Amino acid sequence: MKLSVLDQSVISKGDSASTALQNTVKLAQLTEELGYTRFWVAEHHNTNGLVGSSPEILISHIASNTRKIRVGSGGVLLPQYSPYKIAENFKVLEALFPNRIDAGIGRSPGGSPSTRMALTDGIRKSLNEFPRQVEDLQGFFLNQLPIEHGFHDVKAYPAIESLPELWILGITHRGARMAAEHGTAFTFGHFITPDNGERAMDFYYTHFQPSPFLQKPKTNVCVFVVCAQTQEEAEELVLSQDLWLLGVEKGIDTRIPSIHEAKKISLTADERMKLQNNRRRMIIGTPKKVKTELLRLSQIYHTDEFMIITNIFNFQDKIRSYTLLAEEFK
């Protein structure tokens, strides 16, 4: 089993954006030493608590402060951007850090309609263009756009000997189909919704078509994990993540509250139901329990790699969670 990391650079209440980004780098350094395979950073906009709004810049900084762990995006929001510019960005990263860069691509609109319009500089772009954009991105990576393409004579530089690994992120079989048809690796977001995951992964494996980027299917699954020495401690630590998720869903406050604050908040019946439903996206418990659950999911999803995301209040507790999990799999 391979373990990897997705980090959203979330601010814990009382901390600053600078602290959150510094903690992301520290976590990358720690998980590299623990033997994690890859470290991805997310892209979010117009949120007061998720500060990783520019994954390419963060990837460069993390890769500069680590030695061997693969570093990438989970993921760049392709519908808002130019495939050509994304190809250039990731070719530069690959030139700087050969054989260490992952280009994870997502279809998400990136936020509210006004946020998306700000990202596109007021140009209305359809999410239905995503398949064409993926093809263009691959064409620019290889500098092999079809002769009839309007940008056939435009090349993405620098010229490099290796290419970033190209991943498509998805939470339905539609994303799986995109990855399969375009011959890319596929990440399923169990941490967003566990529904339809088995169907999506089965579709990907069944319909995968080899490409210059990938000859055989390659997958991982991203899941929330909170790991502690005892079940009781893990259940207490996850309270801050529970309340944070409720805040994210309301769009009011995307900073992580303390456990003390979480315990004081009175939840409505609706909120308690949402909290319980969100627990389906998580694995919470001792190292042995978490390992058992991951191995169970690996059978369901037919994958040998999990990306672990842990959004709890105290950074030291977060470090301990990743450490305990890595030690359990040794």
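Which helix holds both Arg 296 and Glu 293, and how many residues apart are they? Both lie in helix α11 (residues 287–301), three residues apart, about one turn of the helix. Helices here are DSSP runs (H or I, at least four residues) and strands are E runs of at least two, numbered from the N terminus.

This is a predicted model, in which local features need pLDDT of at least 70, side-chain atom pairs count only at pLDDT 80 or more, and totals for chains, interfaces and linings use all residues. Residues are numbered from 1 along each chain as its sequence is written, and side-chain values use heavy atoms, with hydrogens and water left out.

**Salt bridges**

The structure holds 23 salt bridges. Each is a side-chain nitrogen of Lys or Arg within 4 Å of a carboxyl oxygen of Asp or Glu.

| Pair | N to O distance |
|---|---|
| Glu 305 – Arg 38 | 2.7 Å |
| Arg 296 – Glu 293 | 3.0 Å |
| Glu 235 – Arg 279 | 3.2 Å |

Take Glu 305 and Arg 38, which meet in a salt bridge. The pair links distant parts of the chain: Glu 305 sits in strand β10 (residues 305–309) and Arg 38 in strand β2 (residues 38–41), 267 residues apart. Glu 305 is buried, at 1% relative accessible area. Arg 38 is buried too, at 2%. Buried means under 20% relative accessible area, exposed means over 50%, and partly exposed lies in between (1.4 Å probe, protein chains only).

The side chains of Glu 235 and Arg 279 also meet in a salt bridge. Glu 235 is in helix α8 (residues 231–250), and Arg 279 is in the loop between α10 (269–278) and β9 (282–285), 44 residues away. Glu 235 is partly exposed, at 30%.

Back in α11, Arg 296 and Glu 293 are three residues apart. Arg 296 is partly exposed, at 43% relative accessibility. Glu 293 is partly exposed, at 24%. Elsewhere, salt bridges that share partners join Arg 38, Arg 70, Asp 102, Glu 165, Lys 218 and Glu 305 into one network.

**Helices α6 and α7**

Helix α6 (residues 173–182) packs with helix α7 (residues 197–207) at about 20°, their axes 8 Å apart. That makes α6 roughly parallel to α7, a term for angles under 35 degrees. Axes are lines fitted to C-alpha atoms over the stretch in contact, and angles run from 0 to 180 degrees between N-to-C directions.

Which residues meet across α6 and α7? From α6 come His 173, Ala 176, Arg 177, Ala 179 and Ala 180; from α7 come Arg 199, Ala 200, Phe 203, Tyr 204 and His 207. Contact means heavy atoms within 4.5 Å.

Note on methods
Angles under 35 degrees count as roughly parallel, over 145 as roughly antiparallel, 65 to 115 as roughly perpendicular and the rest as oblique.
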